[in-house]
Amino acid sequence: MSRNIVVFDIETKNAFDDVGGRNNLQALQISVLGAFIYDINEYRIYEEKELKEFEKILQKKPLLVGFNSRRFDVPILQPYIRFDLKALSQLDIMEELTNVLGHRVSLDSVAQATLGRSKSGSGMDAIRFWKNGEIEKLKKYCLDDVRITKEIYEYGAKHGELFYTPKFGTTKGRAPVRWKIANPDEKEEPDKQQSLF
């Protein structure tokens, strides 16, 4: 079965303070976009000038998987794409966890509690890399976040739960989740072995 799924993350050129606050999301501008494309089993990184190449991937109508992607990554990406991204199926892991828990959790807290490792830096590090012209460091940081998001997505699909570290306290919190490694727009192919009988 083909897996028309893309796990992605963007980094921005600017911080909220640079653009007058959270109401000016699109003014943040994309520095790089990282993705894991299941169909080709490959990580890719796109600079701003290469986003038309990523648009070609999106034209295949993948399931878009991200962390805080509906409220952050997708609105910032939209001006670069010539069709409405809301037309794509999306799984926002943070949104799913917020719906279960009633509060937001960070990617780092989920990574630490679920995978046993931390993010390699912060979004502010990524902005600093961009402003200092450290593009290779920026790309590595972005793809590290994509890798963590992909592994969290796959862990949730396999185990039906994720873990997080609460802001206060040391015990791990648990959040049940329900998703598959599948694009909801695609029909499941029948098992070839079963179809023989």
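Helices (H or I, at least four residues) and strands (E, at least two) are taken as DSSP runs, numbered from the N terminus. The structure is a predicted model, in which local features need pLDDT of at least 70 and side-chain atom pairs count only at pLDDT 80 or more, while totals for chains, interfaces and linings use all residues. Residues are numbered from 1 along each chain as its sequence is written, and side-chain values use heavy atoms, with hydrogens and water left out.

The chain comprises six helices and seven strands, arranged from the N terminus as β-β-β-α-β-α-β-α-α-α-α-β-β. Of its 197 residues, 46% are buried (under 20% relative accessible area, 1.4 Å probe, protein chains only).

Helix α4 (residues 107–115) packs against helix α6 (residues 135–159) at an angle of about 55°, the axes lying 10 Å apart. Axes are lines fitted to C-alpha atoms, for helices over the stretch in contact, and angles run from 0 to 180 degrees between N-to-C directions. The two helices, α4 and α6, are therefore oblique to each other; angles under 35 degrees count as roughly parallel, over 145 as roughly antiparallel, 65 to 115 as roughly perpendicular and the rest as oblique. On the α4 side, Leu-107, Val-110, Ala-111, Thr-114 and Leu-115 meet Asp-145, Ile-148, Thr-149, Glu-151, Ile-152 and Tyr-155 of α6, contact meaning heavy atoms within 4.5 Å.

Asp-145 is located in helix α6 and is buried, with a relative accessible area of 4%. Residues up to four places away in sequence aside, Asp-145 touches Asp-9, Glu-11, Leu-107 and Lys-119.

Terms used:
Buried < 20%, exposed > 50% of the residue type's maximum accessible area, 1.4 Å probe, protein only.
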